[in-house]
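I opened this notebook to record a few look-ups in one structure. The entries follow in the order in which I made them.

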Amino acid sequence: MLRNYQIEAKNTVQKTEKRKTILQMPTGSGKTVTFIEIAKDHFAETTERVLILVHRTELLQQAQKALGERVFLISAGVKNIPANYDYYIGMVETVNRRINKLPSFGLVIIDECHIGNFKKMPFFSADRTEKVLGVTATPISEQPLAHHYDELILGPAVTNLIQSGHLLNCDVYGFASDLVDKQKWKIKKGEFDEQQMEEFYSSEKMVKNVINAYWEKAPGKKTLIFNVNLKHSSAVYSAFKNEGLDVRSICGETEKVERAEIIRWFKNTPHAILCNVGVLTTGFDEPSVETIILNRATKSLSLYLQMIGRGSRLSDGKDKFVVLDLGKNTIRHGAYDDYFDWQSYFKHGAKLNDGKAGTGVAPVKECPECHFLQHTRKLVCVNCGYDFEEEAQRQAQEEKEQKLVLLISSKPVSVPTDRIYSLAKDRNWSPYAVLHKVAEHLNNYYQKYKPTATREFISLEMAKEVVEWCKVYEKKNGNWIKEISENILNDKIKLYEQQAGGNITG
């Protein structure tokens, strides 16, 4: 039974007159169920065959099971493809190698159409007549998908699905953000350099960081970890194993039988931890996942949302899921329930994914106490109550002090006290006239270099000069003389600012 928003998406697709359409629906919203129903309706109405192209064996089995007996599976061992089936399912590469043996179709459905290897297939040629439906949660590609499809149909937003109780929201914690900040990874084909990331994330410090993050925020929770590559994943797996935790590892090279067994184990083990490299970002549906660890950085908004989406499905006893972000991904891309301008991505491609205007990315900051990530407008951490305003004031004061130190080192306070005392002796000035001259010089410095030269700093400099003045004139440096000298300095500053203000207004 389809949900209301799935029915609406299906109806919108079926009403369009465009030949090549993309349907965007968030991860966890039931894309597979929706396009299976579109396939069934198409065959019922037209009796035309339907071809479904997928990218993961899990999706292959899921779609095959949903369509029933009249399905032909185009697998690696198939040499001849009969024409008397209603539905045909296969992985893109497998089907493409047999493209000349395929019968005709009325509808071709391409799941995860943002991946892009569909482009080599003939269904997009201008002389073709079959309808093409691409389905994805993230319609982003290096080359705009609008070059291949006629329109983009949007499904419900993540926020609406959360509010209606069809998806779960998450708490996100940032770890090692300061270390990631310092990295200057190269960009290759739109992504951070894998080798450089591997070296960074496989370091002893970063492996300890992921262990510490797990123990601090997710002990005993069913956890899915996304690692950089096989070498990195192996190091992380060993570290969790050494902690005495129930952990396994899976990757693209894992044999089919072993892979199915690991996924069954993960599904049925309450405290399971599963390390993976790139294979569980799409087509993996395990609602019991409680924690997602992004143990890598990515430039790809699509990959980021696909990874987080693995934890968003509903499950008994689960009202939220947790994301531990060790790659500054949330700060880079925004929260997973943010608004993203998919129409702009559809038209202009992945170049929008650079944090510039139009991406919909909300500014995020990390709490220094609990690592909770939240909007920069928050004055108090919504998770632990940490006072950001107090922290901001402290940081502002530190910045002031640092600037002042730089100022003093480059332009130190220079009061010509020796010459002033000499002039005072030659011209018979009173000791208090000397204080006035010293105050004039300090005010001059203050006016040149404020606000970096603070009022407090100038007062301290005046106090230092008074100590020397008391020695020269054999005066006692008591509270009275301190008050007199401060008043003299204040009068100089006020007089200067009054005169400056008068000149401006005049």
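Which residues does Leu230 touch, not counting residues up to four places away in sequence? I worked on a predicted model, and there I found that Leu230 touches Cys251, Glu253 and Val277.

Leu230 belongs to helix 9, which covers residues 230-242. I noted a relative accessible area of 42% for Leu230, so I recorded this residue as partly exposed. I also looked up the pair Leu230 and Ile250: they are separated by 20 residues in sequence and by 9.2 Å in space, C-alpha to C-alpha.

Next I turned to helix 15, residues 417-426. I listed Thr417, Ile420, Tyr421 and Ala424 as its buried residues. Viewed down the axis of helix 15, the buried residues fall within an arc of 95 degrees, so they line one face of the helix. I found them packed against helix 16 (431-449) and helix 17 (455-473). On the other side of helix 15, I recorded Asp418, Arg419 and Asp426 as exposed. After helix 15 comes Asn428, for which I noted a positive phi, near 60 degrees.

My last entry concerns the nonpolar cores. The largest one has 85 residues, and I found that Leu51 and Ile52 have the most contacts inside it. Leaving aside neighbours within four places in sequence, I listed the contacts of Leu51, among them Ile74, Tyr88, Val95, Phe105 and Phe123. I noted a second, separate core of 37 residues, including Ile211, Ile225, Cys275 and Phe388.

Technical notes. Residues are numbered from 1 along each chain as its sequence is written. This is a predicted model: local features need pLDDT of at least 70, side-chain atom pairs count only at pLDDT 80 or more; totals for chains, interfaces and linings use all residues. Side-chain values use heavy atoms; hydrogens and water are left out. Helices (H or I, at least four residues) and strands (E, at least two) are DSSP runs, numbered from the N terminus. Buried means under 20% relative accessible area, exposed over 50%, partly exposed in between (1.4 Å probe, protein chains only). Contact means heavy atoms within 4.5 Å. The arc is that of the directions from the helix axis to the C-beta atoms. A nonpolar core is a set of buried Ala, Val, Leu, Ile, Met, Phe, Trp, Tyr and Cys residues joined through side-chain atoms within 4.5 Å.
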